[in-house]
Structure formats: structure tokens, C-alpha cells
Amino acid sequence: MAKQMMLKFVSVERDMPEKRAPDLRRQDFQEIYAEYAHEKAQQQSSRCSQCGVPYCQSHCPLHNNIPDWLKLTAEGRLQEAYEVSQATNTFPEICGRICPQDRLCEGNCVIEQSGHGTVTIGSIEKYITDTAWEMGWVKPIKPSEDRPESVGIIGAGPGGLAAADALRRQGVQVTVYDRYDRAGGLLTYGIPGFKLEKDVVMARVAQLEESGVEFVLNCNVGEDISFEAIRGKHDAVLIATGVYKSRGLQAPGVGAQGIVRAIDYLTCSNKVSFGDEVEEYDSGELNAAGKRVVVIGGGDTAMDCVRTAIRQGAESVKCLYRRDRANMPGSQREVANAEEEGVEFVWLTAPKGFSGETVEGVMIQKMRLGAPDASGRRSPEVIEGADYLEEADLVVMALGFEPEDLPKLWGVDGLEVTRWGTVKADFRTHATNLDGVYAVGDIVRGASLVVWAIRDGREAAESILDYLNAPAQVAAE
Ligand SMILES: Cc1cc2nc3c(=O)[nH]c(=O)nc-3n(C[C@H](O)[C@H](O)[C@H](O)COP(=O)(O)OP(=O)(O)OC[C@H]3O[C@@H](n4cnc5c(N)ncnc54)[C@H](O)[C@@H]3O)c2cc1C
Ligand code: SF4
């Protein structure tokens with residue numbers, strides 16, 4: 001009973017770092033909120049029918065033992081629920097916040113499929129681990145024995161960090177190299193803070209640092225240090241560099257000022273939310289305040305851009321997408337959120353060109369959906385003579401990402417890549433064609449999801465351990 005009461009009054013400081021003053025009203029709010037969150041989690045967890053055919057689990061890329069941690073939560077045994085949850089997921093509080101659950105666990109909940117609304121698995125996963133942080137159950141890693149071998153990880157996104165965590169647990173020395181000034185990859189500088197609070201990510205980075213993982217930041221591999229130098233320093237190397245080449249558009253006027261790439265726009269906004277001074281934000285170049293904003297694209301990155309622009313105080317925000325609502329790649333939940341916040345979606349439209357040296361407008365051509373292409377998807381076709389000008393002061397291009405040319409950038413012709421430029425790696429072991437070099441996450445899959453990068457990172461760590469444990473065999477080959 002005492003434990004129950006304690007759990008009811010968990011603080012929510014971490015969710016609201018900007019207001020840490022311990023005033024009475026805030027304390028009341030915290031207690032009420034924590035009690036509400038606890039009751040909600042318990043009530044939702046008890047809705048799980050323990051169906052015995054856990055499609056939720058099989059549709060979670062990490063095969064999280066969802067029914068068990070739901071049962072434990074329903075019984076108020078939160079610490080045990082946390083232990084079960086973290087056994088398969090390195091960052092459950094992150095996945096709970098940003099997995100597209102409607103396409104994964106929740107979309108396959110049998111209660112959802114019988115028409116009664118899914119158990120809110122993601123929110124409960126977040127609640128369990130947020131509580132674990134608050135209660136001090138999340139601890140730095142203390143391996144039972146330190147090993148002499150070291151692994152160099154290039155890229156501090158979820159793929160690299162999940163591998164770092166798993167390797168450190170086995171006592172391996174781990175160094176993570178990243179070209180940004182903060183670790184976290186797209187968790188830190190891509191995904192906006194209103195979806196994933198930055199202190200949640202930074203807490204994980206701090207936990208890894210306290211666990212002995214070394215971070216070498218502001219280090220662009222290929223420029224500040226060569227790939228071969230990293231290989232020479234470590235017993236094995238993991239490439240987890242993500243995909244950062246923005247897809248472009250060939251259209252008249254595309255080079256005008258005020259037409260920016262989504263990654264630059266979101267990185268800038270995230271830096272500002274850390275309290276950094278960013279020149280492009282202060283100058284207005286990457287700041288939507290008071291502007292008529294047009295975002296081009298229909299994926300989740302476009303949704304993050306439109307919702308960021310609204311929060312920056314844009315005068316208006318329009319999103320152009322060449323297909324219709326039913327055929328857009330982004331999550332329908334995100335579209336609904338954006339619409340609620342005031343974003344206007346202009347379906348079946350594509351940019352034809354841009355006017356002004358500093359952008360003044362987008363020439364828009366109207367589209368209709370034609371016959372299905374080879375993939376079965378109906379291709380957009382131009383409706384002739386229906387063009388019009390949409391006035392704009394800021395245009396954000398969110399047309400997707402491609403891999404950078406790593407063999408060229410790093411001067412390693414021997415590293416095999418696919419015809420799309422992604423690194424070729426065994427889908428089970430994550431080994432590349434180079435001895436002792438592994439690769440995970442978006443740089444192998446193409447733009448994907450955080451949960452898949454975590455899974456890859458965990459699996460690659462296991463393969464790397466096998467590799468480190470069998471050096472004689474490797475030398476004899
Ligand atoms: C705007 C946006 C929103 C998204 N929202 C979601 C979401 O809501 N849910 C979800 O599941 N997924 C989302 N994703 C996708 C998800 O973020 C990625 O799939 C995931 O981060 C991939 O992890 P990663 O570790 O492979 O790479 P990344 O997270 O991209 O990390 C790669 C790291 O490598 C570093 N790096 C690259 N090259 C070098 C180099 N040469 N030297 C040193 N360091 C280097 C980069 O600086 C970066 O820190 C989103 C993506 C974007 C762009
Ligand atoms: S990791 Fe993602 S898919 Fe798996 S249970 Fe959590 S929210 Fe669902």
C-alpha cells in the first residue's frame with residue numbers, strides 16, 4: 001500500500017524542465033497530474049484481455065513483452081513492469097512517445113480490431129519508464145567485468161546508442177563519434193521537442209556517459225578523423241550515420257532565398273529550444289514567425305515542419321502534397337493533429353516553380369490521381385491549365401532523405417553499398433563486407449523508424465561480441 005501511494009505522487013518535473021520553482025500550486029498540480037496519470041495507466045492496462053495471441057508483441061519490432069508489463073501495471077507492480085519493459089527495449093520512454101503505434105503494436109491490438117479501441121500501449125510504456133526515472137530505478141550500467149576490447153561507433157543516433165548500451169553492459173570499451181555538438185542524432189536535432197522532450201534524450205546520453213561510454217562530439221568522420229584511423233583504433237567499428245542528403249526539386253526559382261531544407265529548419269528550431277543562439281533563427285532565415293509558410297511534402301518530416309511553424313507563430317501554414325489524404329505517407333494521426341493546430345493541407349498539388357529572388361510565392365500545379373503504377377499506387381498526373389500562385393515568405397522542402405556517399409566521403413572504395421547508396425549489411429548480423437565493420441539503422445534501411453534502429457543496434461552488439469570473442473578464428477581465415 002505504501003508503495004502504491006508513493007507511485008501515485010511521482011513528480012513530473014522532467015516533463016516540464018522550464019518551471020522548476022517548487023511553489024505550492026505547482027506541487028498540487030504535480031500530485032493531481034501524477035495521480036491521474038497513474039490511474040489512467042492502471043485503468044488502460046487492465047483493459048488488456050491477455051488474449052494469448054499477442055499480435056501487439058509480434059508487430060512490435062522489439063517484440064516487447066507487452067501483455068506481461070500491462071498485467072504488472074494493472075496490478076500496480078510498476079518496478080517489475082519496468083524491468084520487463086527495459087529487458088527488450090533500450091529506450092522505452094522514447095518509443096512510447098514517438099513510435100507510430102497505430103501502425104505497430106496498437107494497430108494490432110485485438111481489442112482495437114474488435115472495434116473497442118486499442119489499449120494505449122505506447123502511453124503506458126512511456127509512463128512506466130518515466131516513473132522508473134523518477135523513482136531512481138534507471139541506473140548507470142555497471143558491467144561485472146571490464147573487457148580490454150574497444151568498439152568505435154560512428155553516429156550517436158538511436159542505432160549507435162542502443163549498440164553502445166548493449167556493448168557496455170558486457171564490459172566492452174565504447175567510443176561514440178558524432179559530427180554534431182550533442183548526441184542523440186535525429187532524436188535530438190530532427191524530431192521536435194513537442195513530440196519528444198529533449199531532456200528525455202539528454203538523460204539517456206548522461207546515463208551512457210556515467211556508464212563509461214566516451215563521446216567524441218563535433219567530430220565529422222571523413223573530415224576530422226579518417227574512417228581508417230577509427231578502424232585502426234578499435235577492435236570493431238559500427239557505422240550508424242543515418243541518412244542526411246535531402247531530396248531536392250528541379251524547378252525554376254528553386255535557389256531563391258527563403259526556400260530551405262526541412263533538416264536545416266528542424267535542426268535550427270531544436271537548437272533554439274536548447275537555448276543555443278542560432279544566427280539563422282535570429283536573422284529570420286529559419287524562423288517562421290509572422291510568415292506565410294508553405295511546406296512541400298506529405299511525410300512525417302513535413303508534419304513536424306508544419307507543426308513547428310505553427311509554434312513559431314507563422315501567419316499561415318500550408319502543406320502541399322501531390323496525392324490525396326488517403327495516399328499520403330505520413331501518419332493520419334499527425335495530419336489530424338496538424339489540422340487541429342491550424343495547418344491547411346492542399347491535397348493534389350505540386351510546385352512548378354518559385355517567384356522572387358527572395359521567395360514571394362510558389363507556382364502550383366493541380367494534380368489528379370491516374371492509373372496505378374507498378375507498385376499498385378495511383379500516380380499523380382498534372383491537370384493542364386489549372387496552375388495558380390500561392391504567396392509565401394518561407395518555403396520548407398520536406399521531400400525525404402537519401403544516404404550520403406560514404407565510400408566517397410570517407411575514401412573507402414571497399415565498403416559495399418546498394419544501388420540506393422545505403423550500406424550493404426547482413427540483415428541478421430549487420431556485418432558489412434569489411435572485416436570487423438558493422439552497420440545499422442537508417443544508413444542500412446534508408447529513412448526508417450527509431451524502433452528499428454534500436455533493434456538493429458542491439459542485434460549488431462550481439463554480433464560484435466561474437467566477433468570479439470572469436471579473434472583467433474578470424475585471424476586464421
Ligand atoms: C524530422 C524527422 C522526424 C522523425 N520522426 C520520427 C518519429 O516520430 N518516430 C520514429 O520512429 N522515427 C522518426 N523519424 C525517423 C528516425 O528519427 C530515424 O529512423 C532514426 O533516428 C534513425 O536512427 P539512426 O541511429 O540510424 O540515425 P540518426 O538518428 O540519423 O543518427 C545518425 C547520427 O550519425 C551522425 N553522423 C552522420 N554522419 C557522420 C559522420 N560522417 N561523422 C560523425 N557522425 C556522423 C549524425 O550527426 C547523427 O547524430 C523521424 C525522422 C525525421 C527526419
Ligand atoms: S517499442 Fe514501439 S511498437 Fe514496440 S511496444 Fe513500444 S510503442 Fe509499441
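Author: Here are the labels, each set against its cut-off. This is a predicted model, where local features need pLDDT of at least 70 and side-chain atom pairs count only at pLDDT 80 or more, while totals for chains, interfaces and linings use all residues. Residues are numbered from 1 along each chain as its sequence is written, chains are lettered from A and ligands numbered from 1 in the order in which they are written, and side-chain values use heavy atoms, with hydrogens and water left out.

Reader: What does D304 touch?

Author: Leaving out residues up to four places away in sequence, D304 touches I191, P192, F194, K195, L266 and E334. Contact here means heavy atoms within 4.5 Å.

Reader: And what makes the D304 and K195 pair a polar contact?

Author: The two side chains are joined at 3.0 Å. The term asks for a pair of N or O atoms within 3.5 Å; within protein, one must be able to donate a hydrogen and the other to accept it, and residues adjacent in sequence count only if both atoms are side-chain atoms. The D304–K195 pair is listed as a polar contact at that 3.0 Å.

Reader: Which residues are around ligand 2, then?

Author: They are C60, N64, I66, N89, C95, C99, Q101, L104, C105, I121, E125 and V451. This shell divides into 8 nonpolar, 3 polar and 1 charged. Ala, Val, Leu, Ile, Met, Phe, Trp, Tyr, Cys and Pro count as nonpolar, Asp, Glu, Lys and Arg as charged, and the others, Gly among them, as polar.

Reader: I66 is in that shell; which residues of its helix are buried?

Author: In helix α4 (residues 66-74), the buried ones are I66, P67, W69, L70, L72 and T73. After α4 comes G76, with a positive phi near 80 degrees.

Reader: What makes the phi of H63 stand out?

Author: H63 has a phi near 50 degrees, a positive value in a residue other than glycine. Most residues other than glycine have a negative phi. H63 sits in the loop between α3 (55-58) and α4. Its relative accessibility is 40%, so H63 counts as partly exposed.

Reader: Where is H430, and why is it called buried or exposed?

Author: H430 is in the loop between α17 (406-410) and β16 (437-439). At 4% relative accessibility, H430 counts as buried. Its phi is positive too, about 70 degrees, although H430 is not a glycine.

Reader: How do you know which class S463 belongs to?

Author: S463 comes in at 11% relative accessibility, so it counts as buried. S463 is found in helix α19, residues 450-469. Setting aside neighbours within four places in sequence, S463 is in contact with R428, T429 and Y438.

Reader: And A302, buried or exposed?

Author: A302 has a relative accessible area of 0%, so A302 is buried. Its place is in helix α15, and A302 touches V295, G297 and A398, not counting residues up to four places away in sequence.

Reader: What about G115 and D373, exposed or partly exposed?

Author: G115 reaches 62% relative accessibility, so G115 counts as exposed. G115 is in the loop between α7 (110-113) and α8 (121-135). D373 has 33%, so D373 is partly exposed; D373 lies in the loop between β11 (361-372) and β12 (378-382).

Technical notes
Near = heavy atom within 4 Å. Helix = DSSP H or I, 4+ residues; strand = E, 2+ residues; numbered from the N terminus. Buried < 20%, exposed > 50% of the residue type's maximum accessible area, 1.4 Å probe, protein only.
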